[in-house]
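Here are a few notes from my pass through this one. Have a look at the model first, then read on.

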Amino acid sequence: MAAARAYAADAYLRNADVILWRLYTTSYDLEDRVEAEKWCAELGRRFPGDLRFVKCQLWLMSMHDEEVDVQRAWELAAEYERASTPQTVELDRRWAGMAVAAALAQAGLKDSARAVAVRSRGGASVDPARDLVYVEAFVRTLLGDNQEALDLLTEYLAVIGQGGAGTLGDHWWFNGLRDEPRYHTLFRDSGGG
């Protein structure tokens, strides 16, 4: 992976924080918990005040086989919100809430996860790209609420357009939907699924 080679070649690059973030997100997206934890920790070691360090710690709790510290998830969400700008605080609060909902789902606290996900929704005025809808689809998939997840993915694809779906359907977030015929219909034209 090019980012790993760049970081290994010069760990003190001017944009090392960006490279570390890319290494973390790539590992997370590949469902490689060990590497995701490694790069998140390195980001925190090198750039402890970086908001992305808070974000990666929180999202790590959404991964399978991750030990979930619910109290820590709420602390990270509060820290993320406090570090937000006035222009992004409303969306950031809701993003952090969805991350906590995913962590709660992984911890088996299904009713709490559902309540936090609903509370963290944002309309078009807060989330014009409707990315929170996509994230809630992940939370619903973790909860086994497959029809709700599919409804949310349908809503999301209606906003971004089928051409923008790319490989969204291939993400591990939606492994729990792979046996659903409607899932394959949604992503058939996009190349995902």
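1. What is the handedness of the link between Cys-40 and Cys-56? This is a predicted model, and in it the link is right-handed, with 80° about the S-S bond. The sulfur atoms of Cys-40 and Cys-56 sit 2.0 Å apart, and the disulfide count comes to 1.

2. Now the core. The largest nonpolar core has 56 residues, and the members touching the most others are Tyr-24, Tyr-28, Trp-59, Leu-153, Trp-173 and Phe-174. Helix α6 (residues 89-106) supplies the largest share of this core, with 9 residues.

3. Tyr-28 is worth a click. Leaving aside residues up to four places away in sequence, Tyr-28 touches Ala-36, Trp-59, Ser-62, Met-63, Phe-138, Trp-172 and Trp-173. Two of those partners, Trp-59 and Trp-173, are also on the list of core members that touch the most others.

4. Asn-146 lies in helix α9 (residues 146-160). Is Asn-146 buried or exposed? Its relative accessible area is 16%, and the cut-off for buried is under 20%, so Asn-146 counts as buried.

5. As for what surrounds that side chain, Asn-146 makes a polar contact with the side chain of Glu-180 at 3.2 Å. Beyond residues up to four places away in sequence, Asn-146 touches Arg-140, Thr-141, Gly-176, Leu-177 and Glu-180.

Notes: Residues are numbered from 1 along each chain as its sequence is written. This is a predicted model: local features need pLDDT of at least 70, side-chain atom pairs count only at pLDDT 80 or more; totals for chains, interfaces and linings use all residues. Side-chain values use heavy atoms; hydrogens and water are left out. A nonpolar core is a set of buried Ala, Val, Leu, Ile, Met, Phe, Trp, Tyr and Cys residues joined through side-chain atoms within 4.5 Å. Buried means under 20% relative accessible area, exposed over 50%, partly exposed in between (1.4 Å probe, protein chains only). Helices (H or I, at least four residues) and strands (E, at least two) are DSSP runs, numbered from the N terminus. Contact means heavy atoms within 4.5 Å. A polar contact is a pair of N or O atoms within 3.5 Å; within protein, one must be able to donate a hydrogen and the other to accept it, and residues adjacent in sequence count only if both atoms are side-chain atoms. A disulfide is a pair of cysteine sulfur atoms within 2.5 Å.
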